[in-house]
Amino acid sequence: MQNILKNGTSKVTAGLKPFDKPIYITRPLLPNLKEVTEKLEEVWASGWLTNNGPQHMALEKALQSKLGVPYLSLFNNGTIGLIVACQCLRLSGEVITTPFTFPATPHVLAWNNIKPIFCDIDPITMNIDASKIESLITPQTTAILAVHVFGTPCDTMGIHNIADRYGLRVIYDAAHAFAVEVDGIGIGNFGDISMMSFHATKVFHTAEGGALVFKDANLKDRIDFLKNFGIKNEEEVVMPGINGKMNEIQAILGLVNLNYIDEEIKKRKSLVAAYQHFLKDVDGITFLTTPPSAKSNYQYFVIRVDSRVFGCSRDFIYEKFKEYNIFTRKYFFPLCSDYPCYRHITSAAPSNLPVANKVARDVLCMPLYGDLTINDIERICNILKAFRQ
Ligand SMILES: Cc1ncc(COP(=O)(O)O)c(C=O)c1O
């Protein structure tokens, strides 16, 4: 309290000015417009806008190689991809998942008439705690839907051990994990199917978009029928599919962004190193780090606030940052288990999810995108440090 001046401004913040322009949690990677327009001209010349056009086919091939996965199907967004993944594996009954995620994860289960069963998370990785899955399995359980939250790989070994013992399918929501690797293996090689999101907020994007990646060749046709109304050919509709197709304009954005993705990840890596440097000795602030076995994509920079040590809460910091034109996000608060549509489920009770409830109160996602500078990061960190009480 002693650093608050009479007029209410802090001594330290007194010299710190708000940013002239808003600093958001992220900004989409906008590639060279000329490269985009050149490709648009190709599309205009072909007159082919959607339904497995040449740009779509080229992106599918390029991503398969970039992600090191045997099979890949593009989608108009990741959520429809996940809905199709559940349909493809014929999941039903109950699926064990995490409450610490974006709403899409449990919602795709609800859209498949499946009951989400919430499992608590690991306090360090913030991913589903594999050691707590087994006690949630019932005769109705058909799968585990795990999320590589913030791009940190799940305990895949722990998850697969349980899945194999109980004959469960495994789907990974890898929305945050584009190009992440574990021991040199692309993250999409784990589980039965993984979903990647190419939403504009993601490190690699197609404005809206996504993909399912998988190893089993037998799934390819089924997934591609399911995302195209179940149409097999002009005279056969073989299943009740949906419209999940990515169009040619989205595919162009993806193809051009692929030329810039390595550079974007490199820039983010140095910005994350700067955050870690400027915040390393701040009592009460810790940050999520990448395990040594993993290669990160630097999708997010996530801090955790211990309010008793730091002197003010995560919520205070989130609000106070706005005065400096800095817009952070409380990902993932509230927990999915607290949504009105899920909180009646027994596993959603806060007493069953103590770690997730604590983490959801402590985490804050800081601004991170390639166009930020090290100076911006230093300013953001100095402003944060000045909030200490
Ligand atoms: C963890 C997670 N799952 C699913 C999605 C949904 O992906 P999409 O926006 O591509 O539908 C998102 C966010 O966009 C996400 O963060």
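1. Which residue in S13 stands opposite Val182? Val182 faces Ala294. Strands here are DSSP runs of E with at least two residues, and helices are runs of H or I with at least four, both numbered from the N terminus.

2. Some ground rules. This is a predicted model: local features need pLDDT of at least 70, side-chain atom pairs count only at pLDDT 80 or more, and totals for chains, interfaces and linings use all residues. Residues are numbered from 1 along each chain as its sequence is written.

3. The sheet. Strand S6 (residues 181-182) runs antiparallel to S13, and 2 bridges join them. Pairing requires that DSSP finds at least two bridges between two strands.

4. The domains. The chain is assigned domain 1 (13-27 + 260-386) and domain 2 (33-258). These bounds come from an automatic or database domain assignment. Taken over C-alpha atoms, the domain centres are 25 Å apart.

5. The contact between them. In domain 1, 31 residues are in contact with 35 residues of domain 2. Contact means that C-beta atoms, placed from the backbone, lie within 7 Å. On the domain 1 side, helix H8 (261-279), S13 and helix H11 (354-362) each supply at least two residues. H11 gives the largest share, 5 residues.

6. Composition. The side of domain 1 that touches domain 2 has 20 nonpolar, 9 polar and 2 charged residues. Nonpolar covers Ala, Val, Leu, Ile, Met, Phe, Trp, Tyr, Cys and Pro; charged covers Asp, Glu, Lys and Arg; the others, Gly among them, count as polar.

Notes: Two residues are in contact if their C-beta atoms, placed from the backbone, lie within 7 Å.
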